[in-house]
Amino acid sequence: MKIKIAPSILSADFGRLNDEIKTIEPYSDLLHVDVMDGHFVPNITIGPAVVKSIKTKLPLDCHLMITEPVKFAPEFAKYCQMISFHAELFENDMAGLKDAILKIKKEKVKVGLALNHDKKLDLILPVLELCDYILIMSVYAGFGGQKFIPEVLEKIKELRTKHNFKKDIEIDGGINLETAKLAVITGANVLVSGNYIFNSKDRKKAVQSLKSLE
Ligand code: DX5
Ligand code: ZN
């Protein structure tokens with residue numbers, strides 16, 4: 001499967017975001033945008049106004065870590081091509097989860113479900129066919145620069161083998177060359193990476209090293 005690299009701007013300098021994006025744009029496939037509201041996760045990042053100001057040719061992959069994805073998705077959808085939100089928001093409400101996916105799909109974006117590192121795959125299995133992609137978190141949602149949690153790989157393996165999921169699987173959190181290898185072998189094909197790319201001396205080389213795992 002084709003490997004796509006999605007640098008996460010969470011590790012970029014927000015004061016000069018568009019210049020930062022230029023440093024990775026030519027080698028990347030997507031731009032990963034982490035949206036946090038201080039409720040769903042203990043951190044606040046950016047809202048639609050900042051997403052609107054991003055200038056790039058790369059498709060924007062908005063990862064909503066917010067408690068009200070359905071309410072805010074239409075605003076983000078004006079400026080991005082992909083929206084994921086967390087399935088655990090609807091932990092005991094499968095009808096609500098299905099409804100949320102369908103509502104966001106109306107905004108003409110690809111819709112993905114994200115699962116925090118400690119959440120079970122069961123939460124998304126009944127709606128798997130409705131999803132354009134799945135995002136598996138390999139750290140605690142909320143902050144960049146954390147250590148990869150290898151136990152989450154089991155979920156990716158299960159998605160690919162037991163459930164025959166053929167669409168994109170993103171892995172998000174603690175991705176560097178070493179952990180990316182494990183993720184790709186297991187079946188992930190979209191590598192989200194913040195710290196490894198933006199804090200490396202040679203960003204081009206960092207992105208290309210991940211891409212070389214293809
Ligand atoms: C964390 C975010 C990630 C984060 C990844 O909640 O969803 O996208 O930016 O950053 P690194 O690659 O530094 O773990
Ligand atoms: Zn993310």
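Reply: Gladly! Let us start with a definition: two strands pair if DSSP finds at least two bridges between them. Keep in mind that this is a predicted model.

Me: How do you know that β3 and β4 pair?
What number of bridges joins β3 to strand β4?

Reply: Four bridges join β3 to strand β4 (residues 82–86), and the two run parallel. Pairing asks for at least two bridges, so β3 and β4 qualify. In this pairing, L64 stands opposite F85 of β4.

Me: What joins β2 to β3?

Reply: Six bridges do, and these strands are parallel. With at least two needed, β2 and β3 therefore count as paired. M36 is found opposite M65 in β3.

Me: What makes strand β3 largely enclosed by the rest of the structure?

Reply: Six of the six residues of β3 (residues 60–65) are buried, which is why the strand is described that way. Both of its faces are covered. On one side sit L60, C62 and L64, on the other D61, H63 and M65, and all are buried.

Me: Why is the site of the zinc ion (ligand 2) called octahedral?

Reply: The zinc ion (ligand 2) has six donor atoms, with angles of 70 to 171 degrees among them. For six donors, the label requires opposite donors over 155 degrees apart and all others between 65 and 115. The site is classed as octahedral on that basis. For comparison, ideal angles for six octahedral donors are 90 or 180 degrees.

Me: Which residues coordinate the zinc ion (ligand 2)?

Reply: H32 (NE2), D34 (OD), H63 (ND1) and D172 (OD) do, at 2.1 to 2.3 Å. A donor must lie within 2.8 Å of the metal, so these distances meet the cut-off. D34 belongs to strand β2 (residues 31–36) and D172 to strand β7 (residues 168–172), so the pair ties together parts that are 138 residues apart in sequence.

Me: Why are D34 and D172 called buried?

Reply: Buried means under 20% relative accessible area. D34 has 6% and D172 has 7%, so both meet the definition.

Me: What about S11: buried or exposed?

Reply: At 19% relative accessibility, S11 counts as buried, because the cut-off is under 20%. S11 is placed in the loop between β1 (4–7) and α1 (17–22). Leaving aside residues up to four places away in sequence, S11 touches G194, N195, F198 and N199.

Conventions
Residues are numbered from 1 along each chain as its sequence is written. Chains are lettered from A and ligands numbered from 1 in the order in which they are written. This is a predicted model: local features need pLDDT of at least 70, side-chain atom pairs count only at pLDDT 80 or more; totals for chains, interfaces and linings use all residues. Side-chain values use heavy atoms; hydrogens and water are left out. Donors are N, O and S atoms within 2.8 Å of the metal (3.2 Å for Na, K and Ca); water is not among the atoms, so sites may look incomplete. Four donors count as tetrahedral if all angles lie between 85 and 135 degrees; four count as square planar and six as octahedral if opposite donors are over 155 degrees apart and all others between 65 and 115; anything else is irregular. Buried means under 20% relative accessible area, exposed over 50%, partly exposed in between (1.4 Å probe, protein chains only). Contact means heavy atoms within 4.5 Å.
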